Amino acid sequence: MRYTKTYIEGLILIEPKLYNDERGYFFESFNLRDFQENVGDINFVQDNQSFSKKGTLRGLHYQKGEYAQAKLLRVVSGRVLDVAVDLRKDSATYAKHFSVELSGDNHKMLFIPRGFAHGFIVLSDTAIFQYKCDNFYNPNAEAGLIWNDPSLSIDWKLREEEIIISQKDRQYPYLYDI
């Protein structure tokens, strides 16, 4: 696997080595030893998966305090624009975001450490999105940012009228209100 650091400290783009032949392809999607050597000692405790249709925007979510989560994300099928927002107050990139297209074709993965808000929007007709977490979900620690906060300037790649978003996600505060 190739591990590439992004301009935001701690965010790492991971690209597996694909083995293709007439039958299809094979790749190793996770190897603990390799991951620890290139990213760090992360103990994943929960796997999550979602299925969504085009235009679905999930985010921007995070877990507060002791329930913060690091995540390893990938798309099994379809295409999404994945977005991570740095919420670490002492970070040089506080309030900056990183976005990348993850797809079932490019097989890229993104590691997001604790201290980030995360969201994604489905760009294909449907998508299956999968991620590992290093901490268990706690509904009392759930928080988020409003998806269209102008201070973040996130280009979600679709027109606002194409976006499908839950009522809960529409009610999150702006970054500078948290």
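The legends below describe close-up views of a predicted model.

**View 1. Phe 30 and Phe 35 form a tilted aromatic pair.** A search of the whole structure finds nine aromatic pairs. Phe 35 is buried, with a relative accessible area of 1%, whereas Phe 30, at 29% relative accessibility, counts as partly exposed.

**View 2. Phe 120 and Phe 129 form a stacked pair.** The planes of these two rings lie at 15° with the centres 3.9 Å apart, so the pair of Phe 120 and Phe 129 counts as stacked. Both Phe 120 and Phe 129 are buried.

**View 3. The surroundings of Phe 30 include a ring cluster and a lysine.** Phe 30, Phe 35, Phe 44 and Phe 111 are linked into a cluster by ring pairs. The charged end of Lys 132 sits over the ring of Phe 30, at 5.2 Å from the ring centre. Lys 132 is also the bridge partner, in E12, of Leu 72.

**View 4. Six strands make up an open sheet.** The strands follow the order E1-E2-E10-E7-E12-E5 and pair in antiparallel fashion, with strand E1 (2-5) and strand E5 (46-53) at the edges, each pairing on one side only. On average, and with direction ignored, neighbouring strands of this sheet are turned by 25° against each other. Within the sheet order, E7 stands next to E12; strand E7 (residues 71-77) and strand E12 (residues 126-133) run antiparallel and are joined by six bridges.

Technical notes: Residues numbered from 1 in each chain as written. Predicted model: local features only at pLDDT ≥ 70, side-chain atom pairs only at ≥ 80, totals over all residues. Heavy atoms only, no water. Phe/Tyr/Trp six-rings, centres within 6.5 Å; stacked < 30°, edge-to-face > 60°. Buried < 20%, exposed > 50% of the residue type's maximum accessible area, 1.4 Å probe, protein only. Lys NZ or Arg CZ within 6 Å of the ring centre and 35° of its normal. Pairing = 2+ DSSP bridges. Helix = DSSP H or I, 4+ residues; strand = E, 2+ residues; numbered from the N terminus. Axes fitted to C-alpha atoms, helices over the stretch in contact; angles between N-to-C directions.
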